[in-house]
Amino acid sequence: MLDRGIPEALLHGVIDHGTTRYRDAEHLWVWLNVPDRDDNLLCAVLVLEDSLVVKTVLHRWELLP
């Protein structure tokens, strides 16, 4: 997050308001277009276990079919 300039509040916004795609029952991507950033599509890779785990945060991400 620090390397990509993504503050915690923005990450929460991606998770709370983003679009989701599940890989399986425990792994998913959540992404959100953030117009005021030059790398406007931010993505969080999440793992659902006993709690929500943010595995990584991506920027300049591209949604593939």
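The model is a predicted one, in which local features need pLDDT of at least 70 and side-chain atom pairs count only at pLDDT 80 or more, while totals for chains, interfaces and linings use all residues. Residues are numbered from 1 along each chain as its sequence is written, and side-chain values use heavy atoms, with hydrogens and water left out.

**The whole chain**

Begin with a cartoon view, in which the protein shows one helix and four strands, helices (H or I, at least four residues) and strands (E, at least two) being DSSP runs numbered from the N terminus. Followed along the sequence, the pattern is α-β-β-β-β. The radius of gyration, taken over C-alpha atoms, is 11 Å, close to the 11 Å that the globule rule gives for 65 residues, so the protein is as compact as a globular protein of that length; the rule itself is 2.2 Å times the number of residues to the power 0.38. Along the principal axes, the C-alpha atoms fill a box of roughly 30 × 25 × 20 Å. Of the 65 residues, 29% count as buried, a word that here means under 20% relative accessible area, with exposed meaning over 50% and partly exposed lying in between (1.4 Å probe, protein chains only).

**The strands**

Select residues 19-22 and 27-33, which are strands E1 and E2; they run antiparallel and are joined by four bridges, where two strands count as paired if DSSP finds at least two bridges between them.

**The core**

Next, show the side chains of Ile 6, Leu 11, Val 14, Leu 28, Val 30, Val 34, Leu 42, Ala 44, Leu 46 and Val 57, the ten residues of the largest nonpolar core. Such a core is a set of buried Ala, Val, Leu, Ile, Met, Phe, Trp, Tyr and Cys residues joined through side-chain atoms within 4.5 Å. Helix H1 (8-17), E2 and E3 are the elements that give two or more residues to this core, and E3 supplies the largest share, three residues. Centre the view on Leu 11, which, leaving aside neighbours within four places in sequence, is in contact with Met 1, Ile 6, Ala 44, Val 54 and Val 57; contact means heavy atoms within 4.5 Å.

Move to Asp 39, in the loop between E2 and E3, which is buried, with a relative accessible area of 4%. The side chain of Asp 39 makes a polar contact with the side chain of Arg 37 at 2.9 Å (a pair of N or O atoms within 3.5 Å; within protein, one must be able to donate a hydrogen and the other to accept it, and residues adjacent in sequence count only if both atoms are side-chain atoms). Not counting residues up to four places away in sequence, Asp 39 touches His 59 and Arg 60.

Finish at His 59, in the segment after strand E4 (52-58), where the relative accessible area of 26% makes His 59 partly exposed. With residues up to four places away again set aside, His 59 touches Arg 4, Asp 39, Leu 41 and Leu 42. His 59 and Arg 4 are 55 residues apart in sequence, yet their C-alpha atoms are 7.0 Å apart in space.
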